[in-house]
Amino acid sequence: MTNQRNRLLAAPLLALLALLAFAGPASASGESVGSCMAEKLEELIEESHGDLEEVLHELHVDTSIGDHFEKKCIEAPSPILPETNEIIWGGSAFLILFVLMVKKGFPAVRGAMDARAEKIRSDLDAAEQARVDAQSVQSDYEARLADAKTEASQLIDEARVAADQLKGDLAERAEVDIAEMRERAAADIESSRAQAIADLRSEVAGIALGAAERVVHASLDAEVQSRLIDAYIDEVAGTDG
Amino acid sequence: MADSRVAGYAEALFAVAAAEGDSSVVEDELFRFAQALRSDNDLGSTLADTELPLARRLQVIEDLLDSRVSAVTTALVSMVVGAGRAAELPAIVDAMVERGAASRNKTVATVRSAVDLTADQSERLAAAINTRTGRDVEVRVVIDPSVLGGVVTEIGDDIIDGSVRRRLNQLRESFR
């Protein structure tokens, strides 16, 4: 940016230096036109025909014409002051340009500068507003972050409480289950024991009854059978003891 | 249908027995044969086997009953078997016995015992039942070894159980 600005400033300065170096005052040679021509002619004549006076004399030329030429030479302008007409035209142009610059250019430049300054001020204000907004957003983010941390902490606490509660519930349920399993096991054991006792009793009874039946069967001879029938008849008749 | 058929056969048997003379003897012989059929499944199935020639089945009856029962009894059994009703013979005989007892104004008392009762015991038992129930009964003895000892009397739906088997069962129940 700085280099570009320096190049923009250097270009008109170089143009101004070139103008001052190569531009000379218009027609400011320091010699008149007539003298210049006379001197040139004199040099040409002397180179080709020798002495000028003699040539002029042989040609019957009035030598006073040289004086005439010398009198007729235009006086050289001042190397400092320009010609009057140039002063007039240049001054007029300068005045016109100056007036134009004062009336049109300067307000335009000043307006552009004011617009530029206003734009810069606006940009600065926008930057300031953006900074304020950024600070607001940052504050908002920080607040949210703080809220999130707080919420996370609450969630962790709640989760810890819930975990403790769940742990307690599971332990309690496990104790209940263990107690129920213990009761069921005790009931099963008792049932199995009762069933085993019943089975054993039934088996013992079967064995005992089998033995008794065999004893009874062996002892049931004809006489016993007859006595049993007689006892039955007496029982039916209601005459037994 | 089956009940009416059984009743019809029973009535026919009773009529033939009555016509031939002492129906109570025929009833008693038929009753014992019916009990033998109940206790011997092979005999029952043989007599009921229609694929077996009738002459063969009648020959079996002849071999079993000839000279042991009256000719009327043998003829009645042969008639029922020849009619293809051997499987229903026990029920027919029961109905005939009841029909005969009813004709004498009596009720049949089925007595199950491991050994046969003497005539005196049968008469005393009939008298005892009469004393107890007020009904005049005819005692029909069924030999049943499972009774072991004592007597089981069935009069219609009433049962008087004085068997050794019942006492052993009571003893078995007391162990439980």
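Helix H6 (residues 222-237) of chain A and helix H7 (119-133) of chain B pack at an angle of about 20°, with their axes 8 Å apart. Here axes are lines fitted to C-alpha atoms, for helices over the stretch in contact, and angles run from 0 to 180 degrees between N-to-C directions. H6(A) and H7(B) are therefore roughly parallel to each other, a label for angles under 35 degrees, while those over 145 count as roughly antiparallel, 65 to 115 as roughly perpendicular and the rest as oblique. Two residues are in contact if their C-beta atoms, placed from the backbone, lie within 7 Å. Seven of the contact residues are nonpolar, two polar and three charged; Ala, Val, Leu, Ile, Met, Phe, Trp, Tyr, Cys and Pro count as nonpolar, Asp, Glu, Lys and Arg as charged, and the others, Gly among them, as polar.

The model is predicted, so to speak of local features pLDDT of at least 70 is needed, side-chain atom pairs count only at pLDDT 80 or more, and totals for chains, interfaces and linings use all residues. Residues are numbered from 1 along each chain as its sequence is written, with chains lettered from A and ligands numbered from 1 in the order in which they are written.

Looking at the two chains together, 23 residues of chain B are in contact with 21 residues of chain A. On the side of chain B that touches chain A, two or more residues come from each of H7, strand S3 (150-155), strand S4 (158-163) and helix H8 (164-175). H7(B) gives the largest share, seven residues. This side of chain B holds 13 nonpolar, six polar and four charged residues. Helices (H or I, at least four residues) and strands (E, at least two) are DSSP runs, numbered from the N terminus.

Chain A itself has six helices and zero strands. Of its 241 residues, 3% are buried, meaning that 20 or more other C-beta atoms lie within 10 Å of a residue's own, the C-beta atoms being placed from the backbone.

Chain B supplies an open sheet of four strands in the order S2-S1-S3-S4, with mixed pairing; two strands pair if DSSP finds at least two bridges between them. S2 and S4 of chain B stand at the edges, each with a single partner strand, so one side of each has no neighbour in the sheet. From one strand to the next, the twist averages 20°. H6(A) packs on this sheet, touching S1, S3 and S4 of chain B, and its direction makes about 45° with that of S3(B). H7(B) lies across S1, S2 and S3 of chain B, at about 125° to S2(B).

Strand S1 (residues 107-113) of chain B pairs with S2(B) in the parallel sense over seven bridges. Within this pairing, B:Val111 has B:Val141 as its bridge partner, and B:Thr110 has B:Arg140. Five of the seven residues of S2(B) (137-143) are buried.

Elsewhere in chain B, helix H4 (residues 54-65) and helix H5 (residues 71-82) pack at an angle of about 155°, with their axes 10 Å apart. That makes H4(B) roughly antiparallel to H5(B).

How values were computed:
A residue is buried if 20 or more other C-beta atoms lie within 10 Å of its own, exposed if 12 or fewer, and partly exposed in between; C-beta atoms are placed from the backbone.
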